[in-house]
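User: I have a model open and would like to learn how to read it. Could you walk me through it, one feature at a time?

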Amino acid sequence: MFQLTSFEEIAGVTHGIEVLNPSLVARIRRAADQLNRHEIAAHLADAILEAADAAHIRSFEEAQFGEASADAVVDCEYHDELAAAWSLVAAEHQLVSPDLLFGLDGLVH
């Protein structure tokens with residue numbers, strides 16, 4: 001597992017989801033304070049999986065109907081933000097590498 005020396009070294013991450021949805025990040029941070037490293041990692045994995053599932057549903061609807069339903073669009077955006085927030089918190093707890101964060105860059109699908 002990679003260890004980050006300084007979270008601020010990761011350009012753009014501190015200004016990404018924290019600026020877009022600070023209340024979501026605060027809620028995830030509060031939840032993570034009660035969790036151990038393995039539980040945080042599990043929540044991150046779940047959030048990434050849910051974001052990928054939501055993206056696939058949106059893509060399917062776009063392919064089938066020419067556009068996705070409002071529900072699919074909102075679900076996709078919410079799950080992308082949730083995955084980004086868990087990624088941020090996991091990085092703050094030194095659970096993910098910078099390479100993973102740059103690979104996601106808001107696009108988990």
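User: Among contacts between residues at least 6 apart in sequence, what share joins residues at least 24 apart?

Analyst: That share is 75% in this chain. Keep in mind that the model is predicted.

User: Which secondary structure elements make up the chain?

Analyst: The chain has five helices and zero strands, giving the pattern α-α-α-α-α along the sequence.

User: How much of the chain is buried, and what does its surface consist of?

Analyst: Of its 109 residues, 36% count as buried. The accessible surface is about 6,600 Å², and 56% of that belongs to carbon and sulfur atoms.

User: Let's take one residue. Is Ala 54 buried or exposed?

Analyst: The idea is to compare its relative accessibility with a cut-off: buried means under 20%. Ala 54 has 8% relative accessibility, so this residue counts as buried. Ala 54 sits in helix H3, which covers residues 37-65.

User: Which residues does Ala 54 touch, leaving out those up to four places away in sequence?

Analyst: Ala 54 touches Asp 75, Cys 76 and His 79.

User: What lies 2.8 Å from a polar side-chain atom of Ser 87?

Analyst: Look for the backbone oxygen of Ala 83, which lies at that distance of 2.8 Å.

Definitions and conventions:
Residues are numbered from 1 along each chain as its sequence is written. This is a predicted model: local features need pLDDT of at least 70, side-chain atom pairs count only at pLDDT 80 or more; totals for chains, interfaces and linings use all residues. Side-chain values use heavy atoms; hydrogens and water are left out. Helices (H or I, at least four residues) and strands (E, at least two) are DSSP runs, numbered from the N terminus. Buried means under 20% relative accessible area, exposed over 50%, partly exposed in between (1.4 Å probe, protein chains only). Contact means heavy atoms within 4.5 Å. A polar contact is a pair of N or O atoms within 3.5 Å; within protein, one must be able to donate a hydrogen and the other to accept it, and residues adjacent in sequence count only if both atoms are side-chain atoms. Accessible areas come from the Shrake-Rupley method with a 1.4 Å probe; for residues, only the protein chains shown count as cover.
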